[in-house]
Amino acid sequence: MHGRLRLAGWLVVIPPLVLALVPVAMLLVGSFRDAPPGAAGHWTLGNYAALWANARLVTVALNTAWVALFATALAVVAGFGMAWLVTRTDIPGRRLLEALAILPFLTPGIVTAIGWGILANPDNGLLNSAWRALAHSPSAPLNVYSYPGVALVLAFPASGFTYLMLLGPMRNLSASFDEAARLSGAGAVRTFRSIHLPLLWPALVPIAILAFLRAIEAFEVPVILGTPAGVVVLINYVYELLKIDTPPRYGLALALSIVIGGVAISIIALQAREADQQSAVSVTGKEQQGAPIRLGPWALPSLVLMWGYLTVAALLPLGTIAATAFMHYSGIFSLSALTLGNFAGIFGDAVTLRAIANTVILVVVCSTLSAAIGAAVAYVLQTRRVPAPWLIEAAILVPWALPGLIFGLAALWTYIYIPGAYGTLASLIVAYVTMGVPIVMRSVRSVLRQLGDELEEAARVHGAGLLTTLRRVVAPLVLPAIIGAWFTLAGIFSRELAATVMLYGFGSETVSVQLLSYWDQGAGTYVAALSLLLVLFLFALYAAQQVLFARSTSTARR
Amino acid sequence: MIRFAAVVFLACALLTARGVRAQPAPAAALEDTVVWYGTPGTRAYVQPALDVWKQQHPNTNIEVVEGNGPDILERVNTEARAGHPVADLITLGDLGMWALAAANGLGTYAPKLEPNLRFVTPRIRGLIDERHRFVPTYLILFGITVNTDLLPPAQQPSRWTDLLDPKYSGQIGMHDIGVLGAGLSLVMIGRSTLGDTFYQTLLNKQRPRVYGRAPELDSAVLNGGRAVVLPAQFANAYRAKGAPIRWIAPKDGAFYVAVYTGVIKNAAHPRAAQAFMNFLLDRDAQSAIAAAGYVPVTSLAKSPVDLGTLTFLGKGGITEDQALHLDDWLAIGQRLKGQ
């Protein structure tokens with residue numbers, strides 16, 4: 001029995017291990033080859049020598065560092081501030097703000113980038129045009145096609161991410177701290193500075209590290225706003241080496257990818273260590289409903305600041321995209337230019353219809369497969385059915401830690417050797433599942449850790465077999481985590497671009513790929529129309545998740 | 001007798017007209033699909049012709065895949081290396097097509113399946129590949145475009161070198177000359193006439209805004225963000241009728257990018273691909289191309305611009321020898337940029 005369980009454990013973990021490690025190994029091998037993927041070549045150290053000798057790389061790395069640092073700093077300040085205001089204070093319209101603060105995270109990077117491209121390009125951006133008209137000045141004060149512009153637009157989704165990640169720890173802060181502060185006569189600002197900030201600091205550090213990594217790995221914003229203007233950070237540098245240079249410089253791109261991947265994995269390891277330490281110090285109490293802190297005279301400035309930030313980070317670019325979707329020309333807004341033609345255009349385009357169908361298939365199939373495999377792997381690792389579970393977990397996590405573009409390159413290097421796989425929907429499914437399994441595995445494993453072994457042991461003592469224990473005890477307890485992860489993956493897969501751009505082919509286009517294609521063609525109004533549909537789909541997905549959780553919570557309470 | 005002669009004459013005339021209008025490839029049954037890779041916008045401007053093709057060949061579907069030149073080129077190369085060619089037919093600008101041909105990525109077409117080649121105008125005949133790997137499909141004409149709201153006629157440039165006048169400083173938009181694209185083409189074709197100092201002065205003294213992508217460059221002059229842009233397609237100004245822009249053929253020479261079509265080596269649908277390549281030279285396709293502002297290569301459609309009235313820079317377009325030394329030209333472009 002024990003041997004069979006061990007065998008079953010290996011059967012569960014080997015497929016995701018292979019899916020995760022083979023592409024990474026191929027990436028490593030490719031970085032020592034002097035030929036493009038699929039071609040015969042020779043072993044070489046030349047790619048690393050070229051990387052070392054590449055004088056431009058130092059500048060690109062430094063630019064990446066400061067862009068990511070700026071984006072992280074703004075994201076942490078904004079995310080922390082918004083989470084604090086909606087969870088701990090009496091800011092007016094708290095419920096509405098709590099819902100709206102999720103917008104920067106839900107809005108795909110490609111949509112925010114294109115929205116801001118319309119708003120603040122130096123030639124004819126709407127904000128610059130408005131400035132010129134109002135100030136009677138020929139100057140253009142805003143230029144989003146610049147390093148500060150890229151850093152700013154990168155900060156918006158990162159702030160939404162930080163906000164989401166901080167909501168839990170903020171809510172878990174015991175209300176007794178606020179009560180004590182109030183009794184001591186401390187105001188809102190002093191309570192924030194002296195109590196909340198120090199208490200939440202340990203939770204903030206690993207989140208900030210993740211936000212920094214996301215800023216380094218982000219693909220759409222640097223490609224949309226950086227590449228056309230020569231604003232180069234590491235990710236769009238790799239993209240340019242592969243997709244713009246003629247012929248593509250695979251060797252250099254692979255060697256650079258290995259370095260970036262190494263840095264990304266190191267950052268993840270650092271983040272994991274910080275998170276472990278954080279869990280030891282910040283569990284200070286369970287969620288308690290106390291009276292919110294009164295902002296008093298700070299209420300109005302806080303309200304203005306939060307609405308202002310949300311307007312800049314989400315409402316303005318989303319509004320611009322929504323308006324452009326109904327206009328004849330991108331960037332020219334008038335009642336006489338109103339049209340539904342853009343929607344007729346995209347729905348009349350066979351490739352777009354195919355892309356929508358493919359995206360739906362990928363979302364449903366890959367989220368479901370990832371959820372099933374990820375949950376099974378988490379269970380096997382948690383119950384130690386295989387030796388060295390920490391090592392297996394770390395190996396399966398590698399594709400998640402790698403930037404999407406680099407994982408896409410690794411997968412390309414692998415799938416090209418499988419006859420008939422290159423460019424197919426099946427290859428995208430395999431790649432998406434490889435990226436999705438680690439997310440579910442982490443989420444489910446964290447729940448299993450909290451459960452401990454006692455429940456299972458109790459079930460077995462009462463005569464339940466493994467399958468019955470899994471079905472009657474484990475599954476109901478981890479199901480919410482699996483469903484939550486399914487929705488998270490559905491959101492990620494419906495807008496995935498970085499890896500897809502390396503792997504798709506004729507017939508396997510996705511909505512994100514088609515957005516990039518329209519953008520390449522300069523078809524701004526079609527980009528807007530398709531973006532609007534994608535954003536609406538993401539909002540619907542999020543709303544469905546919220547409704548489902550509200551129902552399951554109310555059922556559990558009953 | 002006269003009536004009989006008239007009927008015979010009319011019948012002959014009709015038959016001749018039919019012969020000119022349609023030159024279908026004499027082929028066996030065509031396959032059901034042609035996967036056609038092209039640069040951005042391909043589908044939009046050929047759409048009217050695609051509708052005609054659909055009527056003529058209801059059983060052969062044309063699947064258009066669009067992407068920027070380097071991306072499409074590498075996609076074809078990767079498919080070949082994977083042993084899984086998806087594309088049947090490819091339409092690319094001169095640099096990309098020569099690179100693909102040099103990489104042995106193209107098959108050879110059967111001249112008898114391309115009867116419309118005989119309608120290629122004498123001026124363009126020299127662009128037909130003697131090794132039967134690709135055929136010219138249309139030309140993209142480049143010059144200077146100005147925003148007429150910002151530059152009244154008296155202030156508009158008439159030559160490339162006029163743009164070195166300090167009055168244009170800070171008003172110019174320019175395609176990047178260090179990457180594959182129209183900016184580099186201007187260097188390759190115009191360097192012998194304009195000299196290195198033209199590009200260096202333009203970039204260093206005139207403070208142009210440099211664009212990496214054509215859509216942003218076109219949009220900048222259309223919306224008044226830039227008063228003058230270069231090198232600019234005639235087709236964009238032609239299509240933007242009523243907009244405050246004007247395309248200028250420089251007196252010191254316009255230039256063109258030849259767009260070619262070729263059948264991919266080991267294509268899955270070679271007969272249909274060759275038939276469609278021939279169709280692209282037919283009146284319907286060439287007329288659709290002309291209506292989009294590009295220069296047709298055959299006499300079957302009227303060109304939107306009379307090439308005979310223009311002066312051309314250098315040899316007018318890129319030569320095979322230049323195209324095969326692309327790396328050298330990219331290095332020159334980068335050097336002129338000061339990188």
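A salt bridge is a side-chain nitrogen of Lys or Arg within 4 Å of a carboxyl oxygen of Asp or Glu. By this rule the structure holds 16 salt bridges over all chains. This is a predicted model, in which local features need pLDDT of at least 70 and side-chain atom pairs count only at pLDDT 80 or more, while totals for chains, interfaces and linings use all residues. Residues are numbered from 1 along each chain as its sequence is written, chains are lettered from A and ligands numbered from 1 in the order in which they are written, and side-chain values use heavy atoms, with hydrogens and water left out.

**View 1. The interface of chain A and chain B.** Contact (heavy atoms within 4.5 Å) links 32 residues of chain A with 37 residues of chain B. The two chains bury about 2,900 Å² between them, 51% of it on carbon and sulfur atoms; buried area is the accessible area (1.4 Å probe) that two parts lose on being put together, summed over both. Twelve residue pairs, both members at pLDDT 80 or more, are in polar contact across the interface. A polar contact is a pair of N or O atoms within 3.5 Å; within protein, one must be able to donate a hydrogen and the other to accept it, and residues adjacent in sequence count only if both atoms are side-chain atoms. On the side of chain A that touches chain B, helix H16 (350-382) and helix H23 (511-521) each supply at least two residues. H23(A) gives the most, with four residues. Helices (H or I, at least four residues) and strands (E, at least two) are DSSP runs, numbered from the N terminus.

**View 2. A salt bridge between the chains.** Five salt bridges are counted between chain A and chain B. In one pair, Arg354(A) and Glu63(B), the closest N and O atoms are 3.2 Å apart. Arg354(A) is in helix H16 of chain A, and Glu63(B) is in strand E2 (residues 61-66) of chain B.

**View 3. The crossing of H6(A) and H14(A).** The axes of helix H6 (residues 109-120) and helix H14 (residues 299-324) of chain A come within 8 Å and cross at roughly 80 degrees. Axes are lines fitted to C-alpha atoms, for helices over the stretch in contact, and angles run from 0 to 180 degrees between N-to-C directions. H6(A) and H14(A) are therefore roughly perpendicular (65 to 115 degrees) to each other. Residues making the contact include Trp116(A) of H6(A) and Leu316(A) of H14(A).

**View 4. A cis peptide bond in chain B.** The bond from Leu230(B) to Pro231(B) is cis, with omega near -20 degrees. Pro231(B) is found in strand E7 (residues 228-233) of chain B.

Methods. Angles under 35 degrees count as roughly parallel, over 145 as roughly antiparallel, 65 to 115 as roughly perpendicular and the rest as oblique.
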